[in-house]
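Welcome! Please take a look at the sequence and the 3D structure below, and then we will walk through them together.

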Amino acid sequence: MATISNVFDAYDVVIVGHGISGLSAGISAYENGANPIILEKSPYEKRGGHTRHAGGLFRFPLADPEQAEKDLGLKRPPEQYTQQDFYDDLMEVSEGRADEDLCTEFVENGYDAVRWITGHGVGWHIVEHSDEPGFGTTVGAVQADGQGLGVVEDLTERVEELG
């Protein structure tokens, strides 16, 4: 009779959650030679956690909009948003309380992370209009095709391809 410990003996990495973080962790673990398993408590048709319900808007440095247009398969260049702009915004919204080292890491690697998930099937477009009150303008922002659910579906497809 199989026990929980016997089942998990076959895996190097156990990931809890089937949202963008869990799916990305699973893909990355696989790419780095591990044999991961992703656990999700929701039924398959409702998988995805918070990512599933989020709007799929991504905020990350875009120092070279023309390169971002090519890298992300966009129909036009997005608005420029430098690493310094992003860092300053993080510090402003946190009233200076954000961890500077963590923010620097996030800012310096954010674009590469978005290119990485793009390479695993996530598609993008530029937001042309916004009906979201209270969030300021999102016009010109980069949004995942299919919003948050689209991210979950695209990365799930990739995870399933990898086995």
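## Surface and charges

The chain has an accessible surface of about 10100 Å², with areas computed by the Shrake-Rupley method with a 1.4 Å probe, where for residues only the protein chains shown count as cover. Carbon and sulfur atoms account for 51% of that surface. This is a predicted model, in which local features need pLDDT of at least 70 and side-chain atom pairs count only at pLDDT 80 or more, while totals for chains, interfaces and linings use all residues. Residues are numbered from 1 along each chain as its sequence is written, and side-chain values use heavy atoms, leaving out hydrogens and water.

## Overall form

The C-alpha trace spans about 55 × 35 × 30 Å along its principal axes. Of the 163 residues in the chain, 34% are buried (buried means under 20% relative accessible area, exposed over 50%, and partly exposed in between, with a 1.4 Å probe and protein chains only). Among contacts between residues at least 6 apart in sequence, 54% join residues at least 24 apart; a contact means heavy atoms within 4.5 Å.

Which secondary structure elements will you meet along the way? The chain has 7 helices and 5 strands, and read along the sequence they follow the pattern α-β-α-β-α-β-α-α-α-β-β-α. Both kinds are DSSP runs numbered from the N terminus, with at least four residues for helices (H or I) and at least two for strands (E).

## Strands that pair

Strands of a sheet pair through backbone hydrogen bonds, either parallel or antiparallel. In this report, two strands pair if DSSP finds at least two bridges between them. Strand S1 (residues 13–16) and strand S2 (residues 36–39) run parallel and are joined by 4 bridges. Across this pair, Val 14 stands opposite Ile 37 in S2. Together with helix H2 (residues 20–31), S1 and S2 make a right-handed β-α-β unit: with the strands pointing away from the viewer, the path from the first strand over the helix to the second runs clockwise.

Now look for an open sheet of 3 strands, which has the order S3-S5-S4 and antiparallel pairing. Its edge strands are S3 (57–58) and S4 (124–126), each pairing on one side only. S4 is joined to S5 (residues 142–144) by 3 bridges in the antiparallel sense, and His 125 stands opposite Gln 143 in S5.

## Residues to visit

Most residues other than glycine have a negative phi, and most peptide bonds are trans. Glu 95 is not a glycine, yet has a positive phi of about 55°. Glu 95 sits in the loop between H5 and H6 and is exposed, with a relative accessible area of 64%. Gln 147 also has a positive phi of about 55° without being a glycine. This residue belongs to helix H7 (residues 147–162), and Gln 147 counts as partly exposed because its relative accessibility is 39%.

Asp 99 is found in the loop between helix H5 (83–93) and helix H6 (100–119). Is Asp 99 buried or partly exposed? At 45% relative accessibility, Asp 99 is partly exposed. Finally, Ala 25 lies in helix H2 and is partly exposed, with a relative accessible area of 34%.
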